[in-house]
Amino acid sequence: MELTVVGARAGMPTPGEPSSGYVLRVAGRNLLFDCGPGVAGALPGVVPPEEIAAGFVSHLHLDHCYDLLPLGKGLLHQHLAYPSGPVAPELDDAWMPVPLYVPAGSTSVFKTLQGLFPVVSSPALDRAFELAFDLREMTPWEPVDLFGCRITAMPLRHAVPAFGFRIESPDGVFAYTGDTGWTESLHRLADGADILLCEATLRTPDHGPHGHLCGEEAGRLAAEAGVGMLVITHVTSTEQEWLDGLRKDASAAFSGTIHLATPGARFAYPAPREE
Ligand SMILES: [Zn+2]
Ligand SMILES: [Zn+2]
């Protein structure tokens with residue numbers, strides 16, 4: 001099992017720093033978690049987009065899903081046949097929509113987004129989102145069996161309905177918080193995970209209605225859940241002082257392995273043996 005960071009930035013991307021996007025290589029497949037701004041452009045540097053076997057969207061905040069439309073259109077583009085003459089391009093028979101697991105209610109939102117950019121000359125591109133992806137709205141706590149993995153969406157505490165994802169596989173257990181404040185569900189999400197990808201947007205606890213974690217809470221969750229490795233993400237700054245502070249806050253509560261997510265970073269379980 002290997003996690004690769006495409007982008008780890010909270011909110012909008014900055015140069016070289018896409019918003020949230022992660023690829024988990026598990027059970028011989030590539031699973032994409034979130035697809036914020038900048039991810040569609042950076043993804044080919046991690047894995048060919050056509051090799052994504054399924055996608056997962058934690059919640060409908062822009063920094064987690066905005067690049068799904070360009071990603072979808074890009075996938076279709078390679079399968080659009082352009083006959084000569086004034087005939088609209090058509091999808092070839094080889095195209096298989098990518099399963100995309102989303103929170104309830106997302107389908108109408110994405111169809112609305114797609115509808116804002118009509119391509120009247122090409123019915124295929126006009127319906128790019130629904131042709132590119134096979135949207136599957138997830139029910140909280142109801143596991144989905146996929147590629148030999150058991151995947152559970154767990155509702156967490158955020159300003160909009162938001163999932164964390166727990167993936168139990170023959171290769172190990174992976175847990176991803178998406179965006180969340182501190183809530184009891186986090187323990188079920190992270191319990192014994194080999195890799196916990198945990199947001200730590202803040203330096204101090206968030207007691208307001210929005211819902212984010214700080215470095216100390218990420219460390220405390222990792223310790224209480226007994227995880228093997230903590231990867232801190234959804235960072236609001238890439239200044240070294242801020243990052244060092246986040247790591248220090250987390251390590252005050254968790255004595256295990258802590259990494260900070262940066263674009264292109266890879267984290268494997270089990271860890272490769274050092275020569
Ligand atoms: Zn976010
Ligand atoms: Zn959010």
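**Labels and what backs them**

Mentor: Let's start with helix 4 (residues 106–115), where Ser106, Phe110 and Gln114 are buried. Seen down the helix axis, these buried residues fall within an arc of 75°, so they line one face of helix 4. The arc is taken from the directions that run from the helix axis to the C-beta atoms.

Mentor: A word on ground rules: this is a predicted model, where local features need pLDDT of at least 70 and side-chain atom pairs count only at pLDDT 80 or more, while totals for chains, interfaces and linings use all residues. Residues are numbered from 1 along each chain as its sequence is written, chains are lettered from A and ligands numbered from 1 in the order in which they are written, and side-chain values use heavy atoms, with hydrogens and water left out.

Trainee: What covers the buried residues of helix 4?
Mentor: The cover includes helix 2, helix 3 (68–77), strand 7 (98–103), helix 5 (123–126), helix 6 (128–132) and strand 8 (133–138). Helices here are DSSP runs of H or I with at least four residues, strands are E runs of at least two, and both are numbered from the N terminus.

Trainee: Which residues coordinate the zinc ion (ligand 2)?
Mentor: His59 (NE2), His61 (ND1), His158 (NE2) and Asp179 (OD) do, at 2.1 to 2.4 Å. A donor is an N, O or S atom within 2.8 Å of the metal (3.2 Å for Na, K and Ca), and sites may look incomplete because water is not among the atoms.

Trainee: What makes the arrangement around the zinc ion (ligand 2) irregular?
Mentor: Its four donor atoms subtend angles of 91 to 165°. Four donors count as tetrahedral if all angles lie between 85 and 135 degrees; four count as square planar and six as octahedral if opposite donors are over 155 degrees apart and all others between 65 and 115; anything else is irregular. So the label for the zinc ion (ligand 2) is irregular.

Trainee: And which residues are the protein donors of the zinc ion (ligand 1)?
Mentor: Asp63 (OD), His64 (NE2), Asp179 (OD) and His234 (NE2), lying 2.1 to 2.2 Å from the ion. The angles among the four donor atoms of the zinc ion (ligand 1) are 90 to 162°, and this site is irregular. The two zinc ions, ligand 1 and ligand 2, are 3.6 Å apart, and Asp179 coordinates both. His64 lies in helix 2 and Asp179 in the loop between strand 12 and helix 7, so the pair ties together parts that are 115 residues apart in sequence.

Trainee: Why is Asp179 called buried?
Mentor: Buried means under 20% relative accessible area, exposed over 50%, and partly exposed in between (1.4 Å probe, protein chains only). Asp179 has 2%, so Asp179 is buried. His64, at 0%, counts as buried too.

Trainee: What about Leu246, buried or exposed?
Mentor: Leu246 has 0% relative accessibility, so buried. Leu246 sits in helix 9 (residues 240–251). Leaving aside neighbours within four places in sequence, Leu246 is in contact (heavy atoms within 4.5 Å) with Ala200, Leu202, Arg203, Gly215, Ile232, Val235 and Leu260.

Trainee: How do you know that the radius of gyration agrees with a compact globule?
Mentor: The radius is taken over C-alpha atoms, and the globule rule is 2.2 Å times the number of residues to the power 0.38. With 275 residues that gives a value near 19 Å, and the chain has 19 Å, so the two agree. Buried residues make up 52% of the 275 residues.
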